[in-house]
Amino acid sequence: ELIQIQIDEISSVSKNISDPYVYSDSYKNMALRMSAISVPKNFTGLHIDYVNNFNALSVMANRIADSEKDPIVLLATIPEYEKLSDAQKLILEQMKLYFENNGIIFANSNE
């Protein structure tokens, strides 16, 4: 489900690339859709971190879009956006380890 949500949003973004708020809206949609997914109890912390990261990225992307009105905002926003992006990479790595440690294997059924 996590992967399908991201695929859907990437597709949506690619259709609306000229809208400066498309990334903010996409991050928000991903957070909302992901928050509705049922996850195992011992995965809840990582799941919440992931959803919260997308919420925060939505706020930062909105500020970046707003920076057309006030470019100074961009100077403070870009480092925070990069920090959140780095945090997301760490969350994804932790999720990968969770899957590996719990014997969860994602494989194409044709392989």
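The accessible surface of the protein amounts to about 7500 Å², and carbon and sulfur atoms account for 57% of that area. The model described here is predicted. The protein contains four helices and zero strands, and its elements follow the order α-α-α-α from the N terminus.

**Overall build**

- The C-alpha trace of the protein extends about 50 × 25 × 25 Å along its principal axes.
- The protein has 111 residues, of which 29% are buried.
- Among the contacts in the protein with a separation of 6 or more, 65% are between residues 24 or more positions apart.

**Charges**

- The protein carries 9 positive and 15 negative charges.
- The mean position of the positive charges lies 4 Å from that of the negative charges.

**Largest pocket**

- The largest pocket has a volume of about 370 Å³.
- Its lining consists of 18 residues, and those closest to the pocket centre are Leu2, Ile3, Met95, Phe99 and Phe106.
- Helix α4 supplies the largest share of the lining of the largest pocket, with five residues.

**Residues of helix α1**

- Glu9 belongs to helix α1.
- The relative accessible area of Glu9 is 7%, and Glu9 is therefore classed as buried, since the cut-off for a buried residue is under 20%.
- When residues up to four places away in sequence are not counted, Glu9 touches Ser26, Asn29, Met30 and Arg33.
- Asp8 is also placed in helix α1.
- Asp8 has a relative accessibility of 29% and so counts as partly exposed, because this class lies between the 20% limit for buried and the 50% limit for exposed residues.
- Asp8 and Ala31 are 23 residues apart along the chain, and their C-alpha atoms are separated by 13 Å.

**A residue of helix α2**

- Ser24 is located in helix α2, which covers residues 22-35.
- Ser24 is buried because its relative accessible area is 5%, and the class requires a value under 20%.
- With neighbours within four places in sequence left aside, Ser24 is in contact with Ser58, Ala61 and Asn62.

**Residues of helix α4**

- Ile78 lies in helix α4.
- The relative accessible area of Ile78 is 32%, so Ile78 is partly exposed.
- Ile78 and Ile64 are 14 residues apart along the chain, with a C-alpha separation of 7.6 Å.
- Lys96 is likewise found in helix α4.
- Lys96 counts as partly exposed because its relative accessibility is 42%.
- Between Lys96 and Leu46 the sequence separation is 50 residues, while the C-alpha atoms are 11 Å apart in space.
- Glu100 is another residue in helix α4.
- At a relative accessibility of 48%, Glu100 is classed as partly exposed, because exposed residues are those over 50%.
- The C-alpha atoms of Glu100 and Asp8 are separated by 25 Å, and these two residues are 92 positions apart along the chain.

**Points to carry forward**

- The helices number four, and there are zero strands.
- Ser24 in the predicted model is buried, and Glu9 is buried as well.
- Asp8 is partly exposed, as is Ile78.
- Lys96 is partly exposed, and Glu100 falls in that class too.
- The largest pocket, of about 370 Å³, draws five lining residues from α4.

Methods
Residues are numbered from 1 along each chain as its sequence is written. This is a predicted model: local features need pLDDT of at least 70, side-chain atom pairs count only at pLDDT 80 or more; totals for chains, interfaces and linings use all residues. Side-chain values use heavy atoms; hydrogens and water are left out. Helices (H or I, at least four residues) and strands (E, at least two) are DSSP runs, numbered from the N terminus. Buried means under 20% relative accessible area, exposed over 50%, partly exposed in between (1.4 Å probe, protein chains only). Contact means heavy atoms within 4.5 Å. Accessible areas come from the Shrake-Rupley method with a 1.4 Å probe; for residues, only the protein chains shown count as cover. Lys and Arg count as positive and Asp and Glu as negative; His and the chain ends are not counted. The place of a charge is taken as NZ of Lys, CZ of Arg, CG of Asp or CD of Glu. On a 1 Å grid over the protein atoms alone, a cavity is a set of points where a 1.4 Å probe fits but cannot get out, and a pocket is an open set with protein on both sides within 12 Å along at least five of seven lines; lining residues have an atom within 4 Å of a point. Grid points are joined across faces, edges and corners, and a volume is the space filled by probe spheres set on the points.
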